[in-house]
Structure formats: C-alpha cells, structure tokens
Amino acid sequence: MTVLRPSSRIRRAVLPLALCAGLMTSLTACASDPDEGTNGVGKLDAMAIEKKAQSAADAAKAVRLSGTLVSKGGTYKLNMRLKQDGASGSVTIKNSTFELLRVGDELFLKADAAFWEHEDPTSGEPSDAPSSGSGSGSGSSSESGGDSDSGSEAADKLDDKYVKVPQDDPSYKQLRGFTDMDLLLDGLIGLHGDVAKGDYDRIGGVRTINVRGGEDGEGGSLDVSLEGTPFPVRFARGGGAGVVVLSEWDRDFPLAEPAKGQTVDYGKQLPRG
C-alpha cells in the first residue's frame with residue numbers, strides 16, 4: 001500500500017476542484033452572453049438598432065398597438081389592430097370607451113348610449129393626437145338618424161350601433177388618425193436627442209435590447225426584439241407621456257364593414273352630446 005504524502009493528497013484534491021471551477025466559469029460565461037441565439041441586433045450600436053427597428057416597422061403589414069398616451073389634452077388608451085387598408089379596436093378618453101372600425105376609407109364608431117348623451121367623439125382629443133387627411137362624400141346604410149334627433153332619443157338610437165362617420169365631419173380626420181398604421185407608427189417610434197444603448201430585457205416572453213434618446217431616456221425609449229425580425233416591442237414616450245406595446249407583427253386579421261342591421265348613417269355630421 002502506497003502512502004501519499006500530505007502535499008500529494010492536497011494536489012489530487014485541489015486539481016478536480018480547479019477543473020470544476022474552470023468548467024463552471026466557462027459555462028457561466030456562455031450562459032451570460034445576451035446575444036447568444038439572437039438575431040444579432042444587440043451587437044450593433046444604438047443608431048443601427050433604431051434604424052433596424054424602424055425599417056422592420058415600415059415593412060410590416062399588420063400590428064397590434066396597445067397602451068396609454070398622455071398629452072396636454074389628457075390621457076387616452078389605445079387597443080388597436082392595424083394594417084394598411086384598415087383597423088379595428090378601441091379608444092378610451094376620459095373614462096369613456098368607443099370602438100373604431102375602418103375598412104378602406106369607410107370609418108365606423110360604436111359606443112353605448114351614455115357616451116352619446118355626454119360626449120363629443122373628439123372632445124377629449126389630445127392636442128398631439130394622430131390625425132390624417134380627410135376625404136369627401138358619405139355612403140348610405142340601413143337606418144337614418146336625421147338631423148332633428150337630439151339628446152337621449154339620439155343616444156338610444158345609437159346605443160351599441162356602428163355609426164358611419166361622414167368624411168365631411170370634422171371628427172373624421174381625428175378619428176381616422178387612430179386607425180392609420182403608418183401615421184401611428186411614425187408618430188410613436190422615433191427617438192430624440194443622442195441615441196444610447198440600454199439594457200437587455202424580456203418583454204412578453206420576447207428577448208429585447210433597449211435604445212433610448214438622451215442619457216435618461218428623456219427623448220423616448222425603444223425596446224427592440226432580439227428574436228427573428230427586429231420589430232419594436234415597446235415604446236415609452238419621454239417625460240412619462242405614456243407607454244405602448246407593439247405585438248402581433250405581420251399577423252393578418254379580417255376586416256369587413258358591419259352588417260346593415262348594426263349600422264346607422266346619421267347624416268352629414270355626427271351627433272354631439
């Protein structure tokens with residue numbers, strides 16, 4: 001039987017520990033690489049990441065946009081599915097919610113009677129809310145409200161019905177802005193000031209990299225997907241002016257005008273509460 005010297009026993013004990021420690025260090029280094037298995041966008045500088053995200057958004061065919069925006073006119077919430085030829089979803093202003101549906105140039109608004117009794121459809125419109133060019137002309141539908149209806153009588157007629165928004169009505173331009181994919185994305189996905197690279201994160205299960213305008217994000221903050229196409233995932237406006245989440249990129253959805261029995265054509269102008 002060979003008797004090992006104390007020094008030999010120590011070397012034999014230390015060697016496996018050293019190998020184990022080296023292996024663990026190597027594994028930890030690999031596991032901590034935030035760009036492993038990603039689309040590689042995180043390795044780019046901040047300006048390049050922003051451009052990649054903007055290009056991806058410009059080329060997209062559809063998106064869901066949801067979140068809260070704050071402006072001088074108040075706070076409003078959006079939950080819209082958008083694509084190039086239309087949109088559907090809801091807008092909340094001053095605790096009043098209405099639905100919007102646009103198919104081509106035809107725009108419809110649906111709300112309950114309480115909304116029509118007390119709200120102008122754009123009375124809570126923020127000063128920097130999206131807007132778009134207006135058209136002209138208005139089609140017909142199954143019912144006609146007429147200009148003589150007012151108050152609760154009109155509200156009851158409009159309760160939970162799709163009201164066709166005349167293209168000559170002043171509200172058309174503002175309301176359509178909430179359904180315009182290009183307009184909304186152009187207005188929301190843009191950083192101001194010197195662009196800096198932020199932190200890696202995971203939003204809604206998607207790995208992301210952050211870029212921001214200004215040292216503290218006062219010019220906005222944009223989180224970009226590190227998985228697949230580098231789509232924008234979340235945008236925070238500077239100064240605490242709201243946060244929107246962007247999802248379901250390029251996921252198509254059906255759009256169709258509401259059935260005649262669910263539509264009211266109120267004439268050349270929407271009723272005012």
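Reader: At about what angle to strand 1 does helix 6 run?
Author: In this predicted model, helix 6 covers residues 181-188 and lies across strand 1 (62-71), strand 2 (74-83), strand 10 and strand 11 (242-247). Relative to strand 1, the helix runs at about 50 degrees.

Reader: Which strands does helix 2 lie across, and at about what angle does helix 2 run to strand 7?
Author: Helix 2, made of residues 46-59, lies across strand 7, strand 8, strand 9 and strand 10. With strand 7 as the reference, the direction of helix 2 is at about 60 degrees.

Reader: In what order do the 12 strands form the open sheet, and which are the edge strands?
Author: The pairing in this open sheet is mixed, and the order of the strands is 7-8-9-10-11-1-2-3-4-5-6-12. From one strand to the next, the twist averages 20 degrees. Pairing on one side only marks the edge strands, which are strand 7 (195-203) and strand 12 (263-265).

Reader: What is the bridge partner of Val224 in strand 10?
Author: Strand 9 (residues 221-225) and strand 10 (residues 232-236) run antiparallel and are joined by four bridges. In strand 10, Val224 has as its bridge partner Pro232.

Reader: Is Val211 buried or exposed?
Author: Val211 sits in strand 8, which spans residues 206-213. Leaving aside neighbours within four places in sequence, Val211 is in contact with residues including Ala46, Ile49, Leu191 and Leu222. Because its relative accessible area is 0%, and the cut-off for this class is under 20%, Val211 counts as buried.

Definitions and conventions:
Residues numbered from 1 in each chain as written. Predicted model: local features only at pLDDT ≥ 70, side-chain atom pairs only at ≥ 80, totals over all residues. Heavy atoms only, no water. Helix = DSSP H or I, 4+ residues; strand = E, 2+ residues; numbered from the N terminus. Buried < 20%, exposed > 50% of the residue type's maximum accessible area, 1.4 Å probe, protein only. Contact = heavy atoms within 4.5 Å. Pairing = 2+ DSSP bridges. Axes fitted to C-alpha atoms, helices over the stretch in contact; angles between N-to-C directions.
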